[in-house]
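Please read this note with the structure open beside it. Each point can be checked against the residues it names.

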Amino acid sequence: MDTKTTKPNKNLRGAFFDTAYSPFVILDKDLFFIDINQAAATFLKTNKKAIVGKHLLKVFPHLFGTEYFKSCAEVIKTGITAGFDQVAFHTDKDVYKFILKIFKIGDGIGITTLDITQITSAIDKSKVTQVNLQKVNKNLEKKNEELEELCYIIAHDLKAPLANLHSLLELLVTENAIADSGMYLFEKVEFVTNAMTDKLNVLSKVIALKSDLGSTKEVLSFSTIVDKVKALHAQEIIKSRVIIKEDYSKCDRISYNPIQFESVLHNLFSNAIKYRHAKRKPQISIKTALIKDKIVLTIKDNGIGFDDAIDHNKIFGLFKRMHTHVEGLGVGLYMTNTIISNNGGKINVSSEINKGTEFKIYF
């Protein structure tokens, strides 16, 4: 079948020019307006008759000396099309920004535009917001540093009076200065003092941990660190007859700070032993995996477990505990989560009452 190319006539071109959504203008070789479309007239808040015949600088005097104005003359001279990503046009009340294309048409030039005022305004606001957020972040960092210093000072300064209080309580005992009728109250005071000391020591450890989170990393062997942790818990492991299964076949090494990594394993092993089930032989399984080139460490036990529907902020919160029938301050999982998250990883936990708990660490 024969095909026939139909050239658009001048009427069709004129209709396109007049009804285009974006402003179009035509200027002669001396940069006087020959024609503008309705979109341009609307933008200028006038009509075609008021613009046609006027010089470009008469309508937009602020363009004098700009690269855009020089390019208009250059396109007339060379016939080479020019484009601009952002040109500002000032009206009586506002400033508009356009993407422009200048091209030769007859002896003069045609100019097509695209209004990007709202887009650039949004970008500018975003930049201002970003700068403000950076300032807020700097202020927060400063406040955090100040709070850490304050916590350190408080923890340090409270040690001396608490030590003195312990000494005074011991003197009361050695001097037999407590009557039988007052022994009950004395024991209460002693209990509260010991609790305060324990919490103060924990806070000191947390502060020390946070100040040491940028320490140097080393290439560590999983089995070597686990052996050290098992040695620390040797007495409990033997007493409780804990079965420990290890599998590092997928990945046997990791780059980490050794003290921090040992602390993570110590806390998780300690919990697994502490919260073992009384009616079955305790088991701890530890294995590694590689998921999307990321190391994943899984530590699973068959202990008493807990309801993992509990808010995970509570599970990993400071001084938060899932069980109260054994001694503890609720700091191990907090420190574990702090170490892992500050090293760019994350820890997930799943548990079921009377069936056990599983921790997955994504490094």
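Predicted model: local features only at pLDDT ≥ 70, side-chain atom pairs only at ≥ 80, totals over all residues.

1. Start with the largest nonpolar core, which has 34 residues. Phe261, Leu265 and Leu297 have the most contacts inside this core. At least two core residues come from each of these elements: the helices α8 (222–232), α10 (258–274) and α12 (332–342), and the strands β8 (253–256), β9 (283–291), β10 (294–301), β11 (346–352) and β12 (356–362). The largest share, 7 residues, is supplied by α10.

2. Which residues does leucine 265 touch, leaving aside its neighbours within four places in sequence? Its contacts are Ile225, Val226, Val229, Ile286, Leu297 and Ile299. Another core, of 28 residues, lies apart from the largest one. Leu27, Phe60, Phe84 and Ile109 are among the residues of that other core.

3. Look next at α8, where Phe222, Ile225, Val226 and Val229 are buried. These four sit on the same side of α8, because they cover an arc of only 100 degrees around the axis. The buried residues of α8 pack against the strands β6 (218–221), β7 (243–247), β8, β9 and β10, and also against the helix α10.

4. Side chains of opposite charge can pair when their charged atoms come close. The model has 6 salt bridges. In one of them, lysine 230 and glutamate 246 meet with N and O 2.6 Å apart. This pair links distant parts of the chain: lysine 230 belongs to helix α8 and glutamate 246 to strand β7, 16 residues apart. With a relative accessible area of 22%, lysine 230 is partly exposed; glutamate 246, at 32%, is partly exposed as well. Both residues belong to a network of salt bridges that links Asp227, Lys230 and Glu246.

5. Consider two further salt bridges. Lysine 29 and aspartate 30 are paired through their side chains at 3.6 Å, N to O. Aspartate 30 has 43% relative accessibility, so it counts as partly exposed. Glutamate 352 pairs with lysine 355, and their closest N and O atoms are 3.6 Å apart. Are glutamate 352 and lysine 355 exposed or partly exposed? Glutamate 352 has a relative accessible area of 44% and is therefore partly exposed, whereas lysine 355, at 57%, is exposed. The cut-off for exposed is over 50%.

6. Rolling a probe the size of a water molecule over the atoms shows where empty space is left. How many cavities of 30 Å³ or more does a search of the whole structure find? The search finds 1. The space in the largest cavity is about 160 Å³. Its lining is made up of 13 residues, and Pro23, Val25, Phe60, Phe89 and Thr113 lie nearest the centre. Both α2 (38–43) and β5 (108–115) supply at least two residues of that lining.

7. Finally, find histidine 62 in the loop between α4 (56–59) and α5 (67–78). Histidine 62 has a relative accessible area of 27%, so it is partly exposed. Leaving aside neighbours within four places in sequence, histidine 62 is in contact with Ala88, Phe89 and His90. Histidine 62 and alanine 88 are 26 residues apart along the chain, and their C-alpha atoms are separated by 9.3 Å.

Technical notes. Residues numbered from 1 in each chain as written. Heavy atoms only, no water. Core = buried A, V, L, I, M, F, W, Y, C linked by side-chain atoms within 4.5 Å. Buried < 20%, exposed > 50% of the residue type's maximum accessible area, 1.4 Å probe, protein only. Contact = heavy atoms within 4.5 Å. Arc of directions from axis to C-beta. Salt bridge = Lys/Arg side-chain N within 4 Å of Asp/Glu carboxyl O. 1 Å grid on protein atoms, 1.4 Å probe; cavity = no way out; pocket = protein on both sides within 12 Å on 5 of 7 lines; lining within 4 Å. Points joined across faces, edges and corners; volume = space filled by probe spheres on them.
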